[in-house]
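Biologist: Please take me through this model. I would like the labels set against their definitions.

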Amino acid sequence: MKGSIKLPKTYQFTRKNFTDDIRYCSPEILLERPYSNKADVWALGVMLYKLCTFEYPFQGQGIDLIKNIIDEPHKSLSNAYSKEFRKLVDSMLNKEEAYRPSIESIMKQYLFVARCRDANL
């Protein structure tokens, strides 16, 4: 997802807030494009990734961080996590908003998988 990169107006304040908050922003927000609730799916993917690895999926500071979020792939989660979970996090961190799952589909799909697992299916 290439585009003109500049500091979004909503993030032109203190350096600490910028670095902390920007890590959860989806590419479309950083490019100041229209966005939907799939930006929240992205942020949830960042949180899940950080809970698993104790680090953010995209590294850097300032404009380098923004470029990494927009253009660079994240490092995959380790095989210590299930294939389904890794696939979920990868899909939540898809650069293209249209290819991220909706909250509804996440709930339906993963609750169903958990129920099947609990029932030994």
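Modeller: The crossing of H3 and H5 is left-handed; helices are DSSP runs of H or I with at least four residues, numbered from the N terminus. The model is predicted, with local features needing pLDDT of at least 70 and side-chain atom pairs pLDDT 80 or more, while totals for chains, interfaces and linings use all residues. Residues are numbered from 1 along each chain, and side-chain values use heavy atoms, without hydrogens and water.

Biologist: What makes the crossing of H3 and H5 left-handed?

Modeller: A crossing is left-handed if the near helix is turned anticlockwise from the far one by less than a right angle, and right-handed if clockwise. The crossing of H3 and H5 is of the left-handed kind.

Biologist: Which residues of H3 and H5 make the contact?

Modeller: Contact means heavy atoms within 4.5 Å. From H3 come Val-41, Trp-42, Leu-44, Gly-45, Leu-48, Tyr-49 and Cys-52, and from H5 Phe-85, Val-89 and Met-92.

Biologist: Why is Tyr-24 with Tyr-56 called edge-to-face?

Modeller: Rings of Phe, Tyr and Trp (its six-membered ring) pair if their centres lie within 6.5 Å; planes under 30 degrees apart count as stacked, over 60 as edge-to-face and the rest as tilted. Tyr-24 and Tyr-56 have 5.7 Å centre to centre and 85 degrees between the planes, so the pair is edge-to-face.

Biologist: Where in the chain do Tyr-24 and Tyr-56 lie?

Modeller: Tyr-24 is in the loop between H1 and H2, Tyr-56 in the loop between H3 and H4, 32 residues apart.

Biologist: Where is confidence lowest and where highest?

Modeller: On pLDDT, the predictor's confidence in each residue from 0 to 100, helix H1 has the lowest mean, 59, and helix H3 the highest, 96.

Definitions and conventions: Helices (H or I, at least four residues) and strands (E, at least two) are DSSP runs, numbered from the N terminus.
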